[in-house]
Amino acid sequence: MALSRFEYVKKFEVPDNLLLDCYIVVRVDGRGFHKFSHQHNFSKPNDENALNLMSHCAKHIMKEFSDIVVAYGQSDEYSFAFKKKTSLYNRRSSKIVSNIVSLFSSVYVYYWGQYFQDSTLKYPPSFDGRAILYPSVEILRDYFSWRQVDCHINNLYNTCFWNLVLHGGHTRESAQRIVKDTNSAAKNELLFSQFNINYNDLPEIFRRGTVIYRKNGTVETVHIDLIKKLPYAYEALITSTITYGLEAYAAAPQNLLLRIDVAQEKAIRLGIVKNYIPIANLILEKDRKLLKQITMRGDPVA
């Protein structure tokens, strides 16, 4: 940029560098997608083409920004978690968010016809975005668990609501009155007794959302329970938290220890951490009792 007497205006820019040593999560949300989905006749309660298009956009984002290690999406939103040590755009919030949101929107429009071959865009969709900082992997894990719980709650409600409207002869108003004050057990009973639907048999993409992570140089997609088990991506995202939790490996602690050691070596090679961390320091508090039991059996735990 050429120097001029107008250069002083740059001083009005507000620095927005995000704190160091925190995990950056960027969440992209569809703006006005209730109207958008209605105008474009999305299937109710879930439109699999729409969900797959969102995941296509998320994969494109992860291929473009290598510092993103894991993403989670449901409905009209996607969350992207960065390596803790990322220096992308000098950690400037506005640059990171604007680049991800603009690319996500562009990809959504560009690939619309691939997923909706018989439907023309009636108007351009838009997305908003925000950057959130999380100081520890425990809180980061709770963030993703929170988004997945939100997916489950909304999907269970919508599945009941739209079955009452589409197949039960109810108006939207009467369906809302029926569903609004019911708990999860009552909603499950409603689906089974009135529509012969076992909620647990519904596709996992609807019930659990979509996890996208890196594995062996590729971007993989899974639909798993984030509260009970974590995707492989966490091995690189943190020094190496336990991929599926101690419970899953209680019967074979040697395999668990090997996985943690390998993950730490990988993290050191990637520059995420500099030093080996004792395994006991990586265990979540709720798992320490089980770790103690494993230790008492004589298994080495570092």
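Leu51, Met54, Ser55, Gly73, Gln74, Ser75, Glu77, Tyr78, Ile205, Gly209 and Thr210 line the largest cavity. Elements that give two or more residues to this lining are H2, strand S2 (68-74) and S3. H2 has the largest share, with 3 residues. By class, the lining of this cavity splits into 4 nonpolar, 6 polar and 1 charged. Its volume is about 50 Å³, and the structure holds 2 cavities of 30 Å³ or more.

Before going on, here is what you are looking at. This is a predicted model, in which local features need pLDDT of at least 70 and side-chain atom pairs count only at pLDDT 80 or more, while totals for chains, interfaces and linings use all residues. Residues are numbered from 1 along each chain as its sequence is written, and side-chain values use heavy atoms, with hydrogens and water left out.

On a 1 Å grid over the protein atoms alone, a cavity is a set of points where a 1.4 Å probe fits but cannot get out; a pocket is an open set with protein on both sides within 12 Å along at least five of seven lines, and lining residues have an atom within 4 Å of a point. Grid points are joined across faces, edges and corners, and a volume is the space filled by probe spheres set on the points. Helices (H or I, at least four residues) and strands (E, at least two) are DSSP runs, numbered from the N terminus. Ala, Val, Leu, Ile, Met, Phe, Trp, Tyr, Cys and Pro count as nonpolar, Asp, Glu, Lys and Arg as charged, and the others, Gly among them, as polar.

**The largest pocket**

Now for the open space. The largest pocket holds about 740 Å³. It has 29 lining residues, and those closest to its centre are Ser37, Lys44, Pro45, Ser75 and Asn158. Ser75 also turns up in the lining of the largest cavity. Which helix gives the most to the pocket lining? That is H5, with 8 residues. At least two residues each come from helix H1 (33-39), helix H2 (48-64), helix H5 (137-166) and helix H8 (204-208). Sorted by class, the pocket lining has 13 nonpolar, 11 polar and 5 charged residues.

Asn155 sits in helix H5 too. Asn155 is buried (under 20% relative accessible area; exposed is over 50%, and partly exposed is in between, with a 1.4 Å probe and protein chains only), at a relative accessible area of 3%. Along the chain, Asn155 and Pro45 are 110 residues apart, yet their C-alpha atoms are separated by 7.6 Å. His40 lies in the loop between H1 and H2 and is buried as well, at 3% relative accessibility. His40 and Phe116 are 76 residues apart in sequence and 9.6 Å apart in space, C-alpha to C-alpha.

**Salt bridges**

Side chains of opposite charge can pair when their charged atoms come close. A salt bridge here is a side-chain nitrogen of Lys or Arg within 4 Å of a carboxyl oxygen of Asp or Glu. How many does the whole structure have? The search finds 10 salt bridges, including these:

| Salt bridge | N to O distance |
|---|---|
| Arg92 and Asp16 | 3.9 Å |
| Asp29 and Arg27 | 3.4 Å |
| Asp128 and Arg130 | 3.6 Å |

Take Arg92 and Asp16 (3.9 Å between the closest N and O atoms). This pair links distant parts of the chain: Arg92 is in the loop between strand S3 (77-82) and helix H3 (93-110), Asp16 is in the segment before strand S1 (23-30), and they are 76 residues apart. Arg92 is partly exposed at 34%, and Asp16 is partly exposed at 22%.

The other two pairs belong together, as Arg27, Asp29, Asp128 and Arg130 are linked in a network of salt bridges. Asp128, though, is partly exposed at 31%, and Arg130 is partly exposed at 37%.

**A patch on the surface**

Phe6, Tyr8, Val9 and Phe12 make a nonpolar surface patch of about 470 Å². Patches are made of residues with over 30% relative accessible area and no salt bridge, with like charges joined within 9 Å and nonpolar side chains (Val, Leu, Ile, Met, Phe, Trp, Tyr) within 5 Å. Accessible areas come from the Shrake-Rupley method with a 1.4 Å probe, and for residues, only the protein chains shown count as cover. Phe12 lies in the segment before S1 and is exposed, at 65% relative accessibility.
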